Amino acid sequence: MEVSTVCREFVNRANRQDWRSAVLNLNGLNMYEMLRAIKALDAADLMSLRTALAALGAAVNRPRIDYALAVVTTNMVPATAPGDLGATGQVAEARRFRGRPTSILVEPIPKDRLTGLNAGVTSASNATMRTRLGAPRTTYSQVCQPVTNAALARRIVTRNVGPFSATGLDSALTSLAEVFTTLAAEQRLVYRVLGSAGMHCARYVRGSTTSVSNHSWGTAIDLKIDDVLDNRGDDQVLFGLHLISPTFNANGWYWGVGFPTEDAMHFEAGSALLQGW
Ligand SMILES: [Zn+2]
């Protein structure tokens, strides 16, 4: 499933609190996207959206939007549906949503539709990492183990980076905090549901017995959207991860969707960014 252009525009308008335009976009969505787009809003957003909806009057199909709002906010399907919603399968869509009420921000989209990924950013090889920061330890496994390199260990710290606290390389945390400051302003909807699935962890790349993960140096982070982890290797990426990826790239961070095995939850400091660290 792809997220439609109109739905993307809805998210853009909601990010900017341009609620009149957001309601006009919402009005153009099919019931599947309408429910999930509304689910991405918080209580204050919903109040603003309802105000804009009332002001638009007959310019939009208000009964249909009200129906979707009721389904999302009560997680119940109203006993009666307006207009042709029953006949056109939209009531059935609402029942399916109720079974798994997820936000559009966790909608998986195909990786091969994405363009401009990691433009100008390259992943740092193990050799580059060792040259810059030294080897974290001498042996690795699939689980997290302590850093035995004292100089590197001193630089692994825990800090609040905006949406959460993270443990990683000091310079990486500073850069990450800047990324999140930008995202708080430009991707409001995703920012407030961002979570971490871990940053520093000295181990091999999952499934490898030779490649050391950049998590070992504390320069990589795995992110969750609305507490949902992207499935590694299925060549689909959560829409919310796609929305924040340009900001990571612009700040020199590489997105793991470009790895041979797609790893869309993963962002790491790219080669150029590491130069000064
Ligand atoms: Zn990772």
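Hi everyone, and thanks for coming. What you see above is a predicted model, where local features need pLDDT of at least 70, side-chain atom pairs count only at pLDDT 80 or more, and totals for chains, interfaces and linings use all residues. Residues are numbered from 1 along each chain as its sequence is written.

Let's start with the domains. The domain assignment gives domain 1 (5–101) and domain 2 (111–274); such bounds come from an automatic or database assignment. Their centres, taken over C-alpha atoms, are 34 Å apart. How many residues of domain 1 are in contact with domain 2? Five, and they meet five residues of domain 2. Contact here means that the C-beta atoms of two residues, placed from the backbone, lie within 7 Å. On the domain 1 side there are three nonpolar residues, one polar and one charged. For these classes, Ala, Val, Leu, Ile, Met, Phe, Trp, Tyr, Cys and Pro count as nonpolar, Asp, Glu, Lys and Arg as charged, and the others, Gly among them, as polar.

Now to the helices. Helices (H or I, at least four residues) and strands (E, at least two) are DSSP runs, numbered from the N terminus. Axes are lines fitted to C-alpha atoms, for helices over the stretch in contact, and angles run from 0 to 180 degrees between N-to-C directions.

Find helix 2 (residues 19–27) and helix 4 (residues 43–56): their axes come within 9 Å and cross at roughly 75°. That makes helix 2 roughly perpendicular to helix 4. In our wording, angles under 35 degrees are roughly parallel, over 145 roughly antiparallel, 65 to 115 roughly perpendicular, and the rest oblique. Helix 2 brings Trp-19, Arg-20, Ala-22 and Val-23 to this contact, while helix 4 brings Ser-48, Leu-49, Ala-52, Leu-53 and Leu-56. By class, that is seven nonpolar, one polar and one charged.

Next, helix 3 (residues 31–39) packs with helix 6 (residues 90–99) at about 40°, with the axes 9 Å apart. So helix 3 is oblique to helix 6. Who makes the contact? Met-31, Tyr-32 and Leu-35 from helix 3, with Gln-90, Glu-93, Ala-94 and Phe-97 from helix 6.

Helix 3 also packs with helix 5 (residues 62–74), at about 50° and again with axes 9 Å apart. From helix 3 come Met-31, Met-34, Leu-35, Ile-38 and Lys-39, and from helix 5 come Ala-68, Leu-69, Val-71 and Val-72. This contact has eight nonpolar residues, no polar ones and one charged.

On to the strands. Strand 2 (residues 156–160) and strand 3 (residues 165–169) run antiparallel, joined by five bridges; two strands pair if DSSP finds at least two bridges between them. Arg-159 has Ala-166 in strand 3 as its bridge partner. The hairpin has four residues between the strands, and there Gly-162 takes a positive phi near 125°.

Finally, the open sheet: four strands in the order 4-5-8-7, with antiparallel pairing. Strand 4 (194–196) and strand 7 (253–255) stand at the edges with a single partner strand each, so one side of each has no neighbour in the sheet. From one strand to the next, the twist averages 35°. Strand 4 pairs with strand 5 (residues 220–225) over three bridges, and Leu-194 stands opposite Ile-225 in strand 5. Helix 11 (residues 239–250) packs on this sheet, touching strand 5, strand 7 and strand 8 (266–269).
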